[in-house]
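Welcome! Work through the exercises below with the viewer open, and try each task before you read its solution.

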Amino acid sequence: MCSNEVYVALKDSCRQEQNSNNASDMNTCPKGESSMHIQLQNPVSENIIFKLKEIQSCMMCSKQESKETEHLTLIVNIPSETLREITLQEALESCMMTEIRELKCAQCESEQCRVKTVFTLLPRFLVLHVNRFEMQNNVIKKLCKYLKIPITLTVRNVISESEMMMPRQWMSANNKRFSWPEERDTGSSSSRRNNEDEKFQHTVQLSTEDLNAIKNKQEYTLLAIISHKGDTPNSGHYEADVYNLTTRKWNHYNDEIVTSRMEEEVTSFSQQENGYAFLYMYKPLFSQLVNEQMMSRNFENE
């Protein structure tokens with residue numbers, strides 16, 4: 001989160017102030033008028049955790065209930081009802097589709113509810129875990145179905161229309177704060193969403209910059225893939241492809257062997273068959289980090 005020297009100095013300052021105030025919480029320093037202030041952040045919760053809301057609606061009396069939960073990864077199933085090749089985008093939207101569940105209603109005691117799942121808090125880094133294994137005749141077998149891998153993933157169709165929070169701001173290595181509207185939609189979100197739809201339909205009235213700003217807030221960029229090569233969960237080999245923001249190139253990691261790869265190889269048929277963990281970065285953050293790298297290189301060259 002910061003250099004060791006800064007961390008130690010801030011931690012010592014916290015300890016001294018807490019001793020003077022008889023405070024017991026060693027993770028958060030009380031903020032005084034003339035003292036340093038630091039709150040130690042958990043990098044997992046800051047970067048990866050997202051929130052999903054399940055909205056349950058009784059099919060008999062329409063009574064609604066909802067619950068919100070935090071997650072580190074989103075498990076995505078490959079739809080089995082289709083014979084054609086599908087994309088990871090389609091698999092994501094399929095796992096978030098409205099479904100009918102056997103849930104007892106507290107009001108009318110009906111046992112069927114319509115359940116819709118949506119994002120209410122987006123992470124900086126979205127981890128998708130494709131379910132590649134299933135039980136067949138009491139034996140766990142790998143599903144080697146092809147799943148096309150998009151470089152850009154949109155969450156436009158799976159976010160809440162009534163309450164939505166963007167990822168938290170990001171502090172870069174040179175202490176430059178990257179920010180975007182960390183908005184929570186209110187009751188007017190539906191009309192605002194409709195206005196955005198109109199903007200997409202009438203693109204001639206919008207500049208390219210405006211269009212990109214709207215799209216970027218709902219998109220993620222592929223950053224890494226973990227692949228499993230093998231037929232069972234107890235055997236096989238793991239490899240990874242990771243995008244380097246500094247060099248703007250893909251690196252392939254096979255044990256201690258590291259090689260460069262083209263984007264076409266990263267999304268090739270081998271990856272579509274064996275890829276099971278996908279890491280996506282929030283696109284506004286990705287764009288800002290790439291721009292910062294370019295500016296740094298230009299400054300060094302000058």
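Two strands pair if DSSP finds at least two bridges between them, and the elements themselves are DSSP runs, with helices (H or I) of at least four residues and strands (E) of at least two, numbered from the N terminus. This is a predicted model, in which local features need pLDDT of at least 70 and side-chain atom pairs count only at pLDDT 80 or more, while totals for chains, interfaces and linings use all residues. Residues are numbered from 1 along each chain as its sequence is written, and side-chain values use heavy atoms, with hydrogens and water left out.

**Exercise 1. Find the bridge partner of Ala240 in β16, then follow the pairing onward.**

Step 1. Strand β15 covers residues 237-244 and strand β16 covers residues 249-254; they pair in the antiparallel sense over 5 bridges.
Step 2. Within this pairing, Ala240 has Tyr253 as its bridge partner.
Step 3. Look at the turn: the hairpin of β15 and β16 has 4 residues between the strands, and Arg248 there has a positive phi of about 60°.
Step 4. Now move on to strand β17 (residues 257-261), which pairs with β16, again in the antiparallel sense, over 5 bridges. Here Trp250 stands opposite Arg261.
Step 5. The hairpin of β16 and β17 has 2 residues between its strands, and Asp255 takes a positive phi near 55°.

**Exercise 2. Describe the hairpin that β8 and β9 form.**

Step 1. Locate strand β8 at residues 133-136 and strand β9 at residues 139-142, an antiparallel pair with 4 bridges.
Step 2. Pick out Glu134, whose bridge partner in β9 is Lys141.
Step 3. Between β8 and β9 there are 2 residues, and Asn137 in the turn has a positive phi of about 55°.

**Exercise 3. Work out where Asn47 sits and what it touches.**

Step 1. Asn47 belongs to helix α2, residues 43-47.
Step 2. Its relative accessible area is 14%, so it counts as buried (under 20%; exposed is over 50%, partly exposed in between, with a 1.4 Å probe and protein chains only).
Step 3. List the contacts (heavy atoms within 4.5 Å). Leaving aside residues up to four places away in sequence, Asn47 touches Pro123, Arg124, Phe125 and Trp170.
Step 4. Finally, a polar atom of the Asn47 side chain lies 2.8 Å from the backbone oxygen of Pro43.

**Exercise 4. Trace salt bridges in the structure, which holds 6.**

Step 1. Start from the rule: a side-chain nitrogen of Lys or Arg must be within 4 Å of a carboxyl oxygen of Asp or Glu. Side chains of opposite charge can pair when their charged atoms come close.
Step 2. Lys229 and Glu239 meet at 3.3 Å, N to O. Lys229 lies in β14 and Glu239 in β15, so the pair ties together parts 10 residues apart in sequence. Lys229 is partly exposed at 32% relative accessibility, whereas Glu239 is buried at 10%.
Step 3. Shared partners join Glu54, Glu99 and Arg101 into one salt-bridge network. Within it, the side chains of Glu99 and Arg101 are 2.7 Å apart, N to O. Glu99 is partly exposed at 36%, and Arg101 is also partly exposed, at 25%.

**Exercise 5. Name the residues that line the largest cavity.**

Step 1. Know the method: on a 1 Å grid over the protein atoms alone, a cavity is a set of points where a 1.4 Å probe fits but cannot get out, and lining residues have an atom within 4 Å of a point. Grid points are joined across faces, edges and corners, and a volume is the space filled by probe spheres set on the points.
Step 2. Searching the whole structure gives 1 cavity of 30 Å³ or more, and the largest cavity holds about 30 Å³ of space.
Step 3. Its lining consists of Ser45, Glu46, Ile49, Leu121, Leu122, Pro123, Arg124, Pro167 and Arg168.

Conventions
Polar contact = N/O pair within 3.5 Å; in protein donor to acceptor, adjacent residues only side chain to side chain. 1 Å grid on protein atoms, 1.4 Å probe; cavity = no way out; pocket = protein on both sides within 12 Å on 5 of 7 lines; lining within 4 Å.
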